[in-house]
Amino acid sequence: MFTYFFSLVIIIFEAICCNLFYDVFCKENSRLRKSQKVLLMLSLICCYYLCGLFLSNMLILKMTLVVLAAVIIMSFYFEISIKKSVIFALLYQGLSIIVDYIAYISNNTIISKAGEVQKGYALEGSLVVIFSKITVFFMYLTAKKTLWKKINRDFT
C-alpha cells in the first residue's frame, strides 16, 4: 500500500517537473481556465500512473506512451504545435532518464554495498528516486531563472 502511495507522490512530482520544463520554453495558454489546467494536469498524472502500474515490465512501451501523453496534454496546456511538444517531451524524458541513471549509479558506487535497489532496500530505493527527482526539479528551476534573466536582459 505504501508503495502505491509513494509512487503516486513521485508521479505527481514528475508531472509538476514536466510542466515546469515546458514552462521554461513556452508561455502558458491564458485562454484556459484554472479548472481546465488542473484537469489537464490530473489527466497527465493518471496517464503516468497507469503506464507505470500496468506497463512496468515493458519499458519501451511505457516510455513511448508516457511521451505520447505528455505531447498531447502539454500541447493543449501550452497551446503549442505537436512537433514542438514532441521535441520538448523527448528532451524532458531524456534529461529525466539521465538524472535517474546518474542517481542510480551514484547509489551503486557510494551507498549500496551490493549495488542493489530492490524490495529489501525499499527505503534506499525511495531515497534515490527522491534525490533524482529533486535534482531534476532544481535543474528546471535554474534553467527557467537563467532563461528569464537572459530574456529580460535582451529586451532592455
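# Legends for the close-up views

View 1. With a relative accessible area of 42%, Glu79 is partly exposed (between the cut-offs for buried, under 20%, and exposed, over 50%, with a 1.4 Å probe and protein chains only). This is a predicted model, in which local features need pLDDT of at least 70 and side-chain atom pairs count only at pLDDT 80 or more, while totals for chains, interfaces and linings use all residues. Residues are numbered from 1 along each chain as its sequence is written, and side-chain values use heavy atoms, leaving out hydrogens and water. Look for the partner of Glu79: a salt bridge joins Glu79 to Arg31, with the closest N and O atoms 1.8 Å apart (the rule asks for a side-chain nitrogen of Lys or Arg within 4 Å of a carboxyl oxygen of Asp or Glu). The two residues are 48 apart and link distant parts of the chain, Glu79 lying in the loop between α3 and α4 (82–111) and Arg31 in the loop between α1 (2–25) and α2. Arg31 counts as exposed because its relative accessible area is 65%. By this rule, the count of salt bridges comes to 1.

View 2. For comparison, most residues other than glycine have a negative phi.

**View 3. Helices α2 and α3 side by side.** The axes of α2 and α3 come within 9 Å and cross at roughly 175 degrees (axes are lines fitted to C-alpha atoms, for helices over the stretch in contact, with angles from 0 to 180 degrees between N-to-C directions). The two helices are therefore roughly antiparallel to each other, a label for angles over 145 degrees. On the α2 side, residues making the contact include Lys37, Leu40, Leu44 and Cys51, and on the α3 side they include Leu65, Ala69, Ile73 and Tyr77 (contact means heavy atoms within 4.5 Å).

**View 4. Lys37 and its neighbours.** Setting aside residues within four places in sequence, Lys37 touches Glu28, Asn29, Leu32 and Tyr77.

**View 5. A nonpolar patch on the surface.** Met58, Leu61, Leu65, Leu68, Ile72 and Phe76 make up this patch, and together they have about 530 Å² of accessible area (members have over 30% relative accessible area and no salt bridge, with nonpolar side chains joined within 5 Å; areas come from the Shrake-Rupley method with a 1.4 Å probe). Met58 sits in the loop between α2 (34–54) and α3 (59–78), and is partly exposed at 40% relative accessibility. Ile72 belongs to helix α3 and is also partly exposed, with a relative accessible area of 40%. While you are there, find Ile82: its C-alpha atom is 7.2 Å from that of Ile72, though the two are 10 residues apart along the chain.

View 6. Stepping back, you will find 5 helices and 0 strands (DSSP runs of H or I, at least four residues, or E, at least two, numbered from the N terminus). Of the 156 residues, 35% are buried. The chain exposes about 10,300 Å², with carbon and sulfur atoms supplying 72% of it. Among contacts between residues at least 6 apart in sequence, 73% join residues at least 24 apart.

Definitions and conventions:
Patches are made of residues with over 30% relative accessible area and no salt bridge: like charges are joined within 9 Å, nonpolar side chains (Val, Leu, Ile, Met, Phe, Trp, Tyr) within 5 Å. Angles under 35 degrees count as roughly parallel, over 145 as roughly antiparallel, 65 to 115 as roughly perpendicular and the rest as oblique.
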